[in-house]
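Dear colleague,

Please find below the structure that I am handing over to you. My notes on it follow directly after.

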Amino acid sequence: MKLTRKKAEELLNNGVHWKKMPDAKIKHSIAVATAAKKIAQRCNLDGKHAYVLGLIHDIGCHYGSDQHPLEGYIYMKYLGYDDEYADICLTHSFLEGDPNCTAEGLLVEGNNVRPNRIVPYQNEPDKKFVLDFLKNHNYTPYEKIINLCDLMCSDKIVGLDARMADLTSRKGVFSTTERHIATAKKLQEELERQMGCTMDDLFGKEIAKNLASGDTYFVEQKQGKNIAPVEKSQEKDDSSDEEEAENS
């Protein structure tokens with residue numbers, strides 16, 4: 001079953017089993033979706049599809065769990081949507097399908113600073129599922145775009161450098177941090193070649209404005225007022241032409 005933009009917005013805002021996603025995560029998801037749509041269009045891909053994937057990539061955060069990638073994957077499977085919507089929940093946290101290439105430190109083994117947040121995969125079957133999935137999964141162009149956009153956005157589009165600095169300052173520096181940053185930069189360069197322009201060409205003015213405004217926050221808020229998923233002045237609501245697709 002296909003997921004329409006309208007339904008993705010409902011899932012993002014309405015919560016899962018009466019649990020609401022923190023405001024910061026909702027804003028982050030919207031920023032990722034907006035950036036992904038622009039990049040996808042420059043790569044001659046479906047910008048609308050990239051936008052939907054961006055909206056739901058963190059849907060597992062509704063559960064408030066440290067294993068939100070797996071929670072999101074399970075939830076989208078439960079709802080009966082096509083694999084690509086479940087897969088994006090799991091793949092967005094791991095660059096190149098590498099279980100240790102995350103902002104959280106090592107997945108496979110313990111870390112020298114603190115327990116990883118990604119892997120309170122609190123039982124071995126969960127951990128084995130994630131590892132087996134990543135080992136056998138070939139990343140799609142859309143998944144690569146969401147990978148990068150997740151690392152370019154806080155509550156707004158702030159660029160890879162600012163976002164990576166934020167992640168290391170909040171989550172800590174691990175034995176894999178240098179490789180994670182290098183892999184993210186390599187992914188950005190790959191997408192820039194596909195687009196025929198740089199991220200600065202595409203987002204430079206917006207990034208400069210967002211960073212200069214002083215109201216872009218990086219620290220994840222616990223809970224707050226519900227936020228409308230799309231500002232009509234910024235994003236055209238193109239969900240009307242997708243409604244029939246959801247039931248196909």
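The model is a predicted one: local features need pLDDT of at least 70, side-chain atom pairs count only at pLDDT 80 or more, and totals for chains, interfaces and linings use all residues. Residues are numbered from 1 along each chain as its sequence is written, and side-chain values use heavy atoms, with hydrogens and water left out.

Overall architecture

The chain has ten helices and zero strands. Helices (H or I, at least four residues) and strands (E, at least two) are DSSP runs, numbered from the N terminus. Of the 248 residues in the chain, 54% are buried; buried means under 20% relative accessible area, exposed over 50%, and partly exposed in between, with a 1.4 Å probe and protein chains only. Among contacts (heavy atoms within 4.5 Å) with a separation of 6 or more, 74% join residues 24 or more positions apart.

The nonpolar core

A nonpolar core is here a set of buried Ala, Val, Leu, Ile, Met, Phe, Trp, Tyr and Cys residues joined through side-chain atoms within 4.5 Å. The largest such core has 62 residues, and those with the most contacts inside it are L3, I39, I56, M76 and F203. Helix α2 gives the most to this core, with nine residues. In soluble globular proteins, nonpolar side chains tend to be buried together.

Beyond its neighbours within four places in sequence, L3 is in contact with A8, L11, V52, I56, M76, Y81 and Y85. Helix α1 (residues 5-14) has R5, A8, E9, L11, L12 and N13 as its buried residues, and these pack against α2, α3 and α4 (68-79).

A36 lies in helix α2 and is buried, at 0% relative accessibility. Leaving out residues up to four places away in sequence, A36 touches A50, I145, I146 and C149. The C-alpha atoms of A36 and V52 are separated by 9.3 Å, with the two residues 16 apart along the chain.

The second largest cavity

On a 1 Å grid over the protein atoms alone, a cavity is a set of points where a 1.4 Å probe fits but cannot get out, and lining residues have an atom within 4 Å of a point. Grid points are joined across faces, edges and corners, and a volume is the space filled by probe spheres set on the points. By this rule there are two cavities of 30 Å³ or more.

Helices α8 (160-171) and α9 each supply at least two of the lining residues.

H180 counts as buried because its relative accessibility is 5%. Not counting residues up to four places away in sequence, H180 touches L95, C101, T102, A103, L151 and M164.

D166 is found in helix α8 and is buried, at 6% relative accessibility. D166 and L151 are 15 residues apart in sequence and 9.9 Å apart in space, C-alpha to C-alpha.

Cysteines

A disulfide is a covalent bond between the sulfur atoms of two cysteines; the criterion applied is a pair of cysteine sulfur atoms within 2.5 Å. The structure holds zero disulfides. For C43, the nearest cysteine sulfur is that of C197, 8.3 Å away, which is too far for a bond. Both residues are buried, C43 at 14% relative accessibility and C197 with a relative accessible area of 10%.

N44 is placed in the loop between α2 (23-42) and α3 (47-56) and is exposed, with a relative accessible area of 74%. E96 is placed in the loop between α5 (83-91) and α6 (124-136) and counts as exposed, at 53% relative accessibility.

With kind regards

Key: 1 Å grid on protein atoms, 1.4 Å probe; cavity = no way out; pocket = protein on both sides within 12 Å on 5 of 7 lines; lining within 4 Å.
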